[in-house]
Amino acid sequence: QGSGPFPAIVLAHGCNGNRNIERAWGPILRGWGYATFVIDSFGHRGLQEVCTNGRMLVPLQRVPDAYGALRLLAAHPRIDPQRIALMGFSHGGALAMLAATAWAKETFAPAGQSAFRAFIPFYPNCNATFPERNRVSAPLRIHTGEADDWTPAKPCAELAASLKASGQDVSIHVYPGAHHGFDQAPRHIYLPKVGNGAGCFPRLPSILGPLPAGAARGVPPCVKKGATIAGSPAAAAEARRNLRAQLDDLMK
């Protein structure tokens, strides 16, 4: 409510689409004084979900979606173009990690254009190694669960430590005992059909690839089936407290 200009949070959904994000985070963020903008990366691509076939849409293909949202919001009279953050979940968290790279800013928001003020990935996949991930364009705040068996916390913690050691503004919260989707899942659920790349650690010459030999032709043997999602009221409440403090600091 009001004329603004308001800070804004762009929300990027996971592999199952826009089913839970608005319900879980929209009212909370707006209650804190932030406008929200939810990206739909599936509708006009004719997709319902990519959890069972990740090759249908990879997070890198969604980076232009995020920067398109940024351009729309930066031109909106009720939005402060200097205070727009990207917050993504799972597949959208991986999108946020890629969008946070200096490469993404230089490619999609070059000098003179509005840039994201901060990036907030929730339980992203951090397993891939490529040169561009070693330089971020703005503060990066990762939130993930210690017990996540779909997008494991350890690679994200190692990446955050490496980036921080190089002088970049990066931090991570690992929530004890929390699983994938701890802030949104209604209960403990095992999903037997989803693709799970937790055991894959691709090393790429560039953010643009190419993929390792054979990966483009079929599902790599390291990709298994099945993963757990489980809500945790305690972890979700802690994440809300942590996020509000981070936004108060980064978006002022």
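Helices and strands are DSSP runs, numbered from the N terminus. In this predicted model, helix α1 (21-31) and strand β7 (189-196) each supply at least two residues of the lining of the second largest pocket.

- By type, the lining residues are twelve nonpolar, eight polar and three charged.

**Helices α2 and α3**

- Two packed helices are described by the angle between their axes and the distance between the axes.
- For α2 (residues 59-74) and α3 (residues 91-99), the angle is about 70° and the axes are 8 Å apart.
- The two helices are therefore roughly perpendicular, as angles of 65 to 115 degrees are counted that way.
- On the α2 side, the contact is made by Pro59, Leu60, Arg62, Val63, Ala66 and Tyr67.
- On the α3 side, it is made by His91, Gly92, Ala94, Leu95, Leu98 and Ala99.
- The residues of this contact divide into nine nonpolar, two polar and one charged.
- Helix α3 is largely enclosed by the rest of the structure, because nine of its nine residues are buried.
- The buried residues of α3 include Gly93, Ala96 and Met97.

**Buried residues and their contacts**

- Thr101 sits in the loop between α3 and α4 (102-108).
- The relative accessible area of Thr101 is 1%, so Thr101 is buried, the cut-off being under 20%.
- Not counting residues up to four places away in sequence, Thr101 touches Glu132, Arg133, Arg135, Val136, Ser137 and Ile207.
- Ala178 belongs to the loop between β6 (170-175) and β7, and it counts as buried at 1% relative accessibility.
- Leaving aside neighbours within four places in sequence, Ala178 is in contact with Gly145, Glu146, Ala147, Asp148 and Ala235.
- Ala178 and Ala236 are 58 residues apart along the chain, and their C-alpha atoms are separated by 9.1 Å.
- Asn242 is part of helix α6 (residues 233-250).
- With 16% relative accessibility, Asn242 also counts as buried.
- Leaving aside neighbours within four places in sequence, the contacts of Asn242 are with His143, His173 and Tyr175.

**Cis peptide bonds**

- The peptide bond from Gly4 to Pro5 is cis, and its omega is near 5°.
- Pro5 falls in the segment before β1 (6-12).
- Gly209 and Pro210 are also joined by a cis peptide bond, with omega about 5°.
- Pro210 is located in the loop between β7 and β8 (224-229).

**Positive phi values**

- Ser90, a residue other than glycine, has a positive phi near 60°.
- The loop between β3 (79-89) and α3 contains Ser90, which counts as buried at 12% relative accessibility.
- Tyr123, likewise a residue other than glycine, has a positive phi near 35°.
- Tyr123 is in the loop between β4 (118-122) and β5 (140-145), and it is buried with a relative accessible area of 3%.

Conventions: Residues numbered from 1 in each chain as written. Predicted model: local features only at pLDDT ≥ 70, side-chain atom pairs only at ≥ 80, totals over all residues. Heavy atoms only, no water. Helix = DSSP H or I, 4+ residues; strand = E, 2+ residues; numbered from the N terminus. Nonpolar A, V, L, I, M, F, W, Y, C, P; charged D, E, K, R; others polar. Axes fitted to C-alpha atoms, helices over the stretch in contact; angles between N-to-C directions. Parallel < 35°, antiparallel > 145°, perpendicular 65-115°, else oblique. Contact = heavy atoms within 4.5 Å. Buried < 20%, exposed > 50% of the residue type's maximum accessible area, 1.4 Å probe, protein only.
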